[in-house]
Amino acid sequence: MTNWRLAFFYTMAALLLRAQTRFDEFEVASIKKAEPDARGRYIRMQTAHQFLAYNHALKTLIAAAYDVSPQAISGGPSWVESERYEILAKAPGDVRPNLKEQMTMLRALLADRFKLTFHREQKEMSVYALTVAKGGSKVKVSTVTPDATPEGPPTLAFVVSSVLRLPARYASMDEFASLLQRSALERPVVDQTGLTGRYDFDLEFAVDETLFGGALGKGPDNPTAPGLFAALREQLGLKLEATRGPVSAIVIDRAERASEN
């Protein structure tokens, strides 16, 4: 079978299976405390069906599930920031859930296993505006067909090595801004690029103790690797501008430690 016929077959099959699947909650989920020496943190689909949240506090899980900066989350007991967990869960159906569907299931898990309840408050906060730098954007329109394989496009996540890498495929600027505010930066990020498509790009920058809430510490000295702000300008033609703006903040009303299993 030729490549385009195979891609067409997977796309049609995935669309049919997705229409038949409800991604309301995980079929089963295991929650345990993260190892004390665990470094870094991430959320990704390891396979088409296996979801992993690694070394996350409840606060950063909430940030991911509800697409807010951790700085826009307040309230709750002190352990929501200090205690870290590893969650391994199985998604239902026969097709890989997209990011929105993954977060829908994560929200259900937080309510069920951590007994999470909260309310929203509108706050004026320091934010970063993600904009196009002088000279124009360098990101390329995506060549990926999202349902061309059963696994779908790679999950948008940082890869930790001697530098930090982000191999982004089929990513929107809104998703990119969301990733920056949920994991890397200390304030909300608002997409003001005006770029409305989906893009492929590779970002590489130096590890910095000011990123990821200090979870990665200071990486090895690498004089050839730029910091995040410089890498955005040089590699993607984008920039982050410090400003202020309204944010729909989360105030935790109730949270309980999840029993390990």
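**Exercise 1.** In this predicted model, find which residue forms a salt bridge with Glu 83, and state how far apart the closest N and O atoms are.

*Solution.* 
Step 1. The partner of Glu 83 is Lys 33, and the closest N and O atoms of the two are 3.7 Å apart. The cut-off for a salt bridge is 4 Å between a side-chain nitrogen of Lys or Arg and a carboxyl oxygen of Asp or Glu, so the pair qualifies.
Step 2. Glu 83 sits in the loop between helix 3 (79-82) and strand 5, while Lys 33 belongs to strand 1; the two are 50 residues apart, and the pair links distant parts of the chain.
Step 3. Assign the burial classes. Glu 83 has 16% relative accessibility and counts as buried, because buried means under 20%. Lys 33 has a relative accessible area of 35% and is partly exposed.
Step 4. Look for a further partner. Lys 33 and Glu 83 are linked with Arg 257 in a network of salt bridges.

**Exercise 2.** Determine which elements are tied together by the salt bridge of Glu 81 and Lys 59, and classify each residue as buried, partly exposed or exposed.

*Solution.* 
Step 1. The side chains of Glu 81 and Lys 59 meet at 3.6 Å, N to O.
Step 2. Glu 81, with a relative accessible area of 49%, is partly exposed. Lys 59, at 13%, is buried.

**Exercise 3.** Find where Glu 27 and Lys 90 lie, and give their separation in sequence.

*Solution.* 
Step 1. Glu 27 and Lys 90 form a salt bridge, with 3.6 Å between the closest N and O atoms.
Step 2. Glu 27 is in the loop between helix 1 (3-19) and strand 1 (28-33), and Lys 90 is in strand 5 (residues 84-90), so the pair joins parts 63 residues apart in sequence.
Step 3. Lys 90 has a relative accessible area of 43% and is therefore partly exposed.

Notes
Residues are numbered from 1 along each chain as its sequence is written. This is a predicted model: local features need pLDDT of at least 70, side-chain atom pairs count only at pLDDT 80 or more; totals for chains, interfaces and linings use all residues. Side-chain values use heavy atoms; hydrogens and water are left out. Helices (H or I, at least four residues) and strands (E, at least two) are DSSP runs, numbered from the N terminus. Buried means under 20% relative accessible area, exposed over 50%, partly exposed in between (1.4 Å probe, protein chains only).
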